[in-house]
Amino acid sequence: MWNIPNVLTSFRIILIPVFLIIYYLPGQDAHFWAAFVFAIAGITDALDGWVARKFNQFTKFGAFLDPVADKVMVAASLVVVVEHYASWWISIPALTMISRELVISALREWMAQIGRQEQVKVSNLGKFKTIAQMVAIGGLIWEANTFVIVTATILLYAAFVLTLWSMWEYLRAAWSDLSQVD
C-alpha cells in the first residue's frame, strides 16, 4: 500500500493545512509561499500519476485517495481565492468549478455502482481543465503583480469554460444511463 504514488498523494493531503496556515500568515511573502506549496501539491499530483503508470504501482487506496486529495486542495484554494478577491468575476467561476467537482464525483460514483465507470473515466479535456485551473489558482494566490493577476484571471476563465465543457461531456456520456426509467 505504501508505494511512491500513495506516499506522494498522502503528502499532498498533508500540504492542505500547511497551505492554509501559510496563506493566512501575516507578512508580504505569505501568499508567495502559499502559492509555492500549492505548486508543490500540483507537481506531486502529476508525479504520482506518472510513477503509478510507469512502474505499474496502482492500488485501491491510491485510486480512492488521489482524486480526494486533488479535489480538497483545489476546493480549499478556491475558497481562499474567493474570500480574498470578494468579487463576482472570481466567485462565479470558482464556485462553478467546486460544484462541477461535486457533480462529476457523484456521477462517477453512481456510474461505478452500475458497472459503467468506463463511460466517465478521466479525459484529456479534464486534464487540460486541471492544468489551466492549477496555474490560474497559483497565480491568483501569489498575486505578485498586475500581469500575474490578469494572466491568472484569464486562465481562470479558460478553466471555467473547460469546466463547463468537460462537465457537459461527462453528463452526455452518462445520459443514456441517467435517463433510463426504472
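## The largest pocket

The largest pocket holds about 1200 Å³ of space. Of the 41 residues lining this pocket, Asp45, Asp48, Asp66, Asp70 and Val122 are the closest to its centre. This is a predicted model: local features need pLDDT of at least 70, side-chain atom pairs count only at pLDDT 80 or more, and totals for chains, interfaces and linings use all residues. Residues are numbered from 1 along each chain as its sequence is written, and side-chain values use heavy atoms, with hydrogens and water left out.

Rolling a probe the size of a water molecule over the atoms shows where empty space is left. Here the search runs on a 1 Å grid over the protein atoms alone; a pocket is an open set of points where a 1.4 Å probe fits, with protein on both sides within 12 Å along at least five of seven lines, and lining residues have an atom within 4 Å of a point. Grid points are joined across faces, edges and corners, and a volume is the space filled by probe spheres set on the points.

## What lines it

Five helices each supply at least two residues of the lining of the largest pocket: α1 (4-24), α2 (30-54), α3 (60-85), α4 (88-113) and α5 (124-142). The largest share comes from α2, with 11 residues. Helices are DSSP runs (H or I, at least four residues), numbered from the N terminus.

By class, this lining has 17 nonpolar, 12 polar and 12 charged residues. Ala, Val, Leu, Ile, Met, Phe, Trp, Tyr, Cys and Pro count as nonpolar; Asp, Glu, Lys and Arg count as charged; the others, Gly among them, count as polar.

Side chains of opposite charge can pair when their charged atoms come close. A salt bridge is a side-chain nitrogen of Lys or Arg within 4 Å of a carboxyl oxygen of Asp or Glu. By this rule the count is 10 salt bridges.

Arg12 and Asp66 form a salt bridge at 2.5 Å, N to O. Arg12 lies in helix α1 and Asp66 in helix α3, so this pair ties together parts 54 residues apart in sequence. Arg12 is buried at 1% relative accessibility, while Asp66 is partly exposed at 21%. Buried means under 20% relative accessible area, exposed over 50%, and partly exposed in between (1.4 Å probe, protein chains only).

## The second pocket and its neighbourhood

The second largest pocket has a volume of about 240 Å³. Its lining is Arg108, Ala112, Gln117, Glu118, Val120, Lys121 and Val122. By class, that makes 3 nonpolar, 1 polar and 3 charged residues. Glu118 and Lys121 also meet in a salt bridge, at 3.7 Å from N to O. Glu118 is exposed, at 57% relative accessible area. In another part of the salt-bridge picture, shared partners join Arg12, Asp45, Asp48, Asp66 and Asp70 into one network.

Arg116 pairs with Asp177, with the closest N and O atoms 3.0 Å apart. Arg116 is partly exposed at 31% relative accessible area, but Asp177 is buried at 10%.

## A nonpolar surface patch

Phe32, Trp33, Phe36 and Trp142 form a nonpolar patch on the surface, with about 410 Å² of accessible area together. Patch residues have over 30% relative accessible area and no salt bridge; like charges are joined within 9 Å, and nonpolar side chains (Val, Leu, Ile, Met, Phe, Trp, Tyr) within 5 Å. Accessible areas come from the Shrake-Rupley method with a 1.4 Å probe; for residues, only the protein chains shown count as cover.

Helix α2 gives the most to the patch, with 3 residues. Phe32 sits in α2 and is partly exposed at 34% relative accessible area. Phe36 is also placed in α2, and counts as partly exposed at 40%. Phe36 and Leu155 are 119 residues apart in sequence and 18 Å apart in space, C-alpha to C-alpha.

## Positive phi in two loops

Most residues other than glycine have a negative phi. Asn56 has a positive phi of about 50° although it is not a glycine. Asn56 lies in the loop between α2 and α3 and is exposed at 61% relative accessibility.

Glu143 also has a positive phi, near 45°. Glu143 is in the loop between α5 and α6. At 24% relative accessibility, Glu143 is partly exposed.
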